[in-house]
Amino acid sequence: MTTVHDGEPGAVSTTASRLRPRRAHPLLVFLAKRLAITAGLLLGVTVVTFGLVNVVPGDPVTANLSDQALNDPATVAAFREKWGLDQPLWAQYLHYLGNLLHGDLGISQQTGRSVLDDLVRYVPATMELAIPTMVLALLIGTGIGMLAAVRNGRFTDQLVRVGSLLGLSTPPFWLSLVVLYVFFYQLGLAPSGGRLSTGFSPPPTVTGMYTVDAALAGQWDVAWDAAQHLTLPVLVLTSLTVALLVRFVRSAMLEVLQQDYIRAAYAKGLPARVVLRRHLLRAGLVPVVTVSGLAFASLLSGTVLVESIFGWPGLGQYAYRSATALDLPSILGVSLFVALVYTLVNLTVDLLYGLIDPRIRLS
Amino acid sequence: MAPLLDVDSLAVTLPGPRGPLPILHDVSLTVDEGELVGIAGESGCGKSLTAQTLLGLLPPGATVTGSARFAGTDLLGLDNRGWRRVRGGGIAMVFQDSTAALHPMLTIGRQLTEHMRVHLRMDRRAANRRAVELLDQVRIPDPERAMRAYPHQFSGGMRQRAAIAIALAARPRLLIADEPTTALDVTVQAGILALLDRLRAETGLAVAFITHDLGVLSALTTRGYIFYAGRVVETGPTGALLTAPTHPYTAALLGARPHGTQAVGTLRPIPGGPPAPGEAPPGCPFQPRCGYAQPSCGTAPPPLAPAGADRSVACVVRPHLEVATR
């Protein structure tokens, strides 16, 4: 009943057509599409933010002027005229949009500087926290998450799960205070806050990140001091991010561990470390990349509580002060920046998918 | 000469939600060098679990008794290091579903060479050269290019061929093929079977072929083991097994199998289903479904006893069996 013969005649032609090399062309199309979408998204952000700020009960005039100045109608009128608040909303919006197209984000009512200058000043401080935090959290979170998955149900796994839950339910400000109490007040191992000790002046600006700039300028004492100021806030942010990542890594890896190809890898006689590093890690990475992207974007958007406690002049603090002062140009500037961060991070995540998993085609 | 693989009285118990579940009972089988042996039975009869046991890939909490010797090595006494040497290099496995068993994110070349470099201590270039040869041997067109391809770029038949090439890469002496053709078209299936037979003839490879398809068994193997509910119920030369079965279950399997021009109405399905693990009756596990059962069948599971030349059967009744001949 079974006819035995060799070869599959149909296989040859199918391979030839399926093994077509990937061309660079679709990638460019993909990027162009995504950039167009990003532009539309940013426009939407301006509309929403503009609308929201004008809907909330509160008046920039009362938020910015002192009681004395508020009693003087001439001062109030001058303030309104200066910031264009006397014009109708649509005119204000169109004016803002026109300036935006020229790269002008407006002047912050709070700082009196251009919003762009403010962003250039505050964003690098936040990046200096976000980048090392993300790198550390990825390494530690992936490692611990994989360990928990491999030890599924055993003591190590239970310990990791409890630890992760504790980390997720710890309020950031509380952890910051504890860390400050222990490492600054009790042990004196790290400075209490700020970016540099008194007596040090910031290095010449290249990236705006003090550690990098100081190293570039060869000012090693400044770089070391800046790095010390990073430790405590990075420690707090890393623990919180690790707690989040571990859960995702664990469940992603658990799912992969059930797959036949992991059993097949063991059946080939590969050492466990090779199976874990090459086969398990690679396959479990896709969902991890998604969460990491979101975590990174959120870190880059500034962390108000941690920044406040450590006196860190980052985007979170700037956003908080702008919001409480109803400083419309700054709020819009921060919103645009945050939207841009999220779209860029998502774009990177999508590109990483394709790198990790060849089955995910760009479409 | 001692057989390459000698399994004796193997029993495996897996942890279950309500206590331990005995899955394999008293399984004994041998495979000689260069021999093609078939292992057949319905789904869930313990065929695949036997394979997993022989590769040390049982889930945690499983208990194994009996003995399993491979090329003089006591498999059940191996530590991690010893298992690593046996897996891939001594005993290799081809899984049922090559789509699931190939890593979707690693190239075929990577999956072909990584264990070669461990077992055969080859450098990258030598391993790549051998990999290309292997792909060519399993008749994958344009092997150089196939090395850089990912599994999803292959057709089902090519994936299974690649999986066989991967299994053979580290020069194993025994290949366990767990229903390697079940998911494939009949024509593709025939090609794979011919390939396995050719490899056996050319390299002296021993093959344990797990299948639920008696047709495959008769086309390919010289000796066969019929599994039922975690036991070997009958064994012998494949030709004799399939033309003159001595166990009612073997006969029933043959009767339930469509072949030739036979009309569907004349097929005789076996009434009932095999017992779930842990729920087997006290006596012969097939007794509730058996048309020849006697009261004595319900007391104890019958042992595998010699029944003619090279044959054994686990049946105390041994009725005269009528089998539809082709």
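**Helix packing and chain shape: exercises**

**Exercise 1.** The axes of helix α15 (residues 315-324) of chain A and α16(A) cross at roughly 140° and come within 8 Å; decide how α15(A) is oriented to α16(A).

*Solution.* At that angle α15(A) is oblique to α16(A), since angles under 35 degrees count as roughly parallel, over 145 as roughly antiparallel, 65 to 115 as roughly perpendicular and the rest as oblique. The residues that make the contact are A:Leu315, A:Tyr318, A:Ala319, A:Ser322 and A:Ala323 on the α15(A) side, and A:Ser330, A:Ile331 and A:Val334 on the α16(A) side; two residues are in contact if their C-beta atoms, placed from the backbone, lie within 7 Å. As for handedness, α15(A) passes α16(A) in a left-handed crossing (the near helix is turned anticlockwise from the far one by less than a right angle; clockwise is right-handed). Axes are lines fitted to C-alpha atoms over the stretch in contact, with angles from 0 to 180 degrees between N-to-C directions, and helices (H or I, at least four residues) and strands (E, at least two) are DSSP runs numbered from the N terminus.

The model is predicted, and local features need pLDDT of at least 70, side-chain atom pairs count only at pLDDT 80 or more, and totals for chains, interfaces and linings use all residues. Residues are numbered from 1 along each chain as its sequence is written, while chains are lettered from A and ligands numbered from 1 in the order in which they are written.

**Exercise 2.** Describe how α2(A) packs against α16(A), giving the angle, the handedness and the residues that meet.

*Solution.* Start with the geometry: helix α2 (residues 25-55) of chain A and helix α16 (residues 328-356) of chain A have axes 9 Å apart and pack at an angle of about 150°. That makes α2(A) roughly antiparallel to α16(A). Next, the crossing of α2(A) past α16(A) is right-handed. Then list the partners: α2(A) contributes residues including A:Arg34, A:Thr38, A:Leu41, A:Phe50 and A:Val53, and these belong to a set that meets residues of α16(A), among them A:Leu328, A:Ile331, A:Ser335, A:Thr343 and A:Leu347. Finally, turn to the annotation: an unreviewed UniProt entry places the feature "transmembrane region" at several spans of chain A, including residues 27-53 and 330-356 (annotations may be inferred rather than shown by experiment). Residues 27-53 of chain A are 100% helix, with end C-alpha atoms 38 Å apart, and residues 330-356 of chain A are likewise 100% helix, with their ends separated by 38 Å.

**Exercise 3.** Work out how α8(A) and α11(A) are placed relative to each other.

*Solution.* Helix α8 (residues 155-169) of chain A packs on helix α11 (residues 220-257) of chain A at about 130°, their axes being 8 Å apart. The two helices are therefore oblique to each other. On the α8(A) side the contact is made by A:Val160, A:Ser164, A:Gly167 and A:Leu168, and on the α11(A) side by residues including A:Ser239, A:Val242, A:Val246 and A:Arg247. α8(A) passes α11(A) in a left-handed crossing.

**Exercise 4.** Is B:Asp97 buried, partly exposed or exposed, and which residues does B:Asp97 touch?

*Solution.* B:Asp97 sits in the loop between β6 (91-94) and α3 (98-101) of chain B. With 17 other C-beta atoms within 10 Å, B:Asp97 is partly exposed (20 or more within 10 Å is buried, 12 or fewer exposed, and in between partly exposed). Leaving aside residues up to four places away in sequence, B:Asp97 touches B:Ala183 and, in chain A, A:Asp260.
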